[in-house]
Amino acid sequence: MSYPPRLSHLATRAVVVAKLVPTYAQAHRLDEEEAAQRLSSALSGKLLPALLEAAWTAMQGKTKRLNEDGLLEKVATTLSERPLRPGRVAPMTPSWSAFLVLTDLEAGTASDAARRVMESEEGRRRGNEGLAEAGRFLAAELTRGK
């Protein structure tokens with residue numbers, strides 16, 4: 001884990017789910033409650049640390065003037081009033097689609113065909129791109145406050 005432990009204390013699974021639910025629900029044509037349950041299940045394993053890692057990398061690349069403590073303080077300030085505020089809906093791209101397939105795999109709702117595709121070299125590459133894009137989105141959501 002190369003992101004600071006405080007990030008996982010600020011961006012808890014519930015916070016990350018809240019930020020991703022609108023995009024996930026719209027992409028899957030689900031109500032937000034069902035989308036939140038699936039996302040929570042998907043993020044209960046290794047996907048959450050990987051997503052936080054991608055978000056932290058994106059945050060560090062976005063600003064040169066803030067050090068680690070400054071970035072974490074910005075996240076804390078953003079989340080201080082409404083930590084479970086829903087995120088914006090992300091525009092669908094091939095990378096986002098790959099990330100959504102990863103979440104479905106982790107939640108156990110993806111088909112065997114999707115699993116086989118994501119296990120291929122191209123699927124792993126697309127999955128990594130999707131994780132990076134979702135990390136950039138999450139970084140923006142966690143730092144868009146005051």
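Guide: Helices (H or I, at least four residues) and strands (E, at least two) are DSSP runs, numbered from the N terminus. Read along the sequence, the chain then follows the pattern α-α-α-α-α-α-α-α, with eight helices and zero strands. This is a predicted model, in which local features need pLDDT of at least 70 and side-chain atom pairs count only at pLDDT 80 or more, while totals for chains, interfaces and linings use all residues. Residues are numbered from 1 along each chain as its sequence is written, and side-chain values use heavy atoms, with hydrogens and water left out.

The part to look at is helix H3, which covers residues 32-42 and in which Ala35, Leu39 and Ala42 are buried; buried means under 20% relative accessible area, exposed over 50%, and partly exposed in between (1.4 Å probe, protein chains only). Seen down the axis of H3, these buried residues fall within an arc of 60 degrees, so they line one face of the helix, the arc being that of the directions from the helix axis to the C-beta atoms. The buried residues of H3 pack against helix H2 (13-28), helix H4 (47-62) and helix H6 (94-107), where contact means heavy atoms within 4.5 Å.

The C-alpha trace of the chain spans about 45 × 30 × 25 Å along its principal axes.
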